[in-house]
Amino acid sequence: IPVIMTYSSSLTDLEWEILEPLLVEILPKKKQTRPPDWSKRDILDGIFYQLKNGCNWEDLPVDLPPYSTVYWHYKQWREAGVIEKLMTVLHEQVRTQVKKKPSGPRLS
């Protein structure tokens, strides 16, 4: 059993509790042909690691999913607008928590 390291870019359990139900709603529905080798959380940890550290995809640590898997999901989710949708929903949740209107002024 591989030991999974945590990195400063890794999701905390609390962050995952917030993101997991959103992913169920936002991710494009696709036919599941076989059980996935990696969880969505593992894949997000790989994406966040690369984005935070600015490394080449090929340089992801070996205890994260293979870079080809992480990059494939990143590309698919980016093209489907998943990242923007997640950011919008999270932004609205934060604004609601601080008692503001869900959508504030847009900065361009």
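A: Happy to! The protein has 4 helices and 0 strands, where helices are DSSP runs of H or I with at least four residues and strands are E runs of at least two, numbered from the N terminus. This is a predicted model, in which local features need pLDDT of at least 70 and side-chain atom pairs pLDDT 80 or more, while totals for chains, interfaces and linings use all residues. Residues are numbered from 1 along each chain as its sequence is written, and side-chain values use heavy atoms, without hydrogens and water.

Let's look at α2 (residues 40–53) and α3 (residues 67–79), whose axes come within 9 Å and cross at roughly 90°; the axes are lines fitted to C-alpha atoms over the stretch in contact, with angles from 0 to 180 degrees between N-to-C directions. The two helices are therefore roughly perpendicular, a label for angles of 65 to 115 degrees. On the α2 side, Lys40, Ile43, Leu44, Gly46, Ile47 and Leu51 make the contact, and α3 brings Thr69, Val70, His73, Tyr74 and Trp77; contact means heavy atoms within 4.5 Å.

Leu44 also touches Leu11, Trp16, Leu19 and Leu23, as well as Trp77, leaving aside neighbours within four places in sequence. Both Leu44 and Trp77 are among the residues that touch the most other members of the largest nonpolar core, which has 20 residues. Such a core is a set of buried Ala, Val, Leu, Ile, Met, Phe, Trp, Tyr and Cys residues joined through side-chain atoms within 4.5 Å, buried being under 20% relative accessible area with a 1.4 Å probe, protein chains only. Helix α1 (13–26) gives this core its largest share, 5 residues.

Conventions: Angles under 35 degrees count as roughly parallel, over 145 as roughly antiparallel, 65 to 115 as roughly perpendicular and the rest as oblique. Buried means under 20% relative accessible area, exposed over 50%, partly exposed in between (1.4 Å probe, protein chains only).
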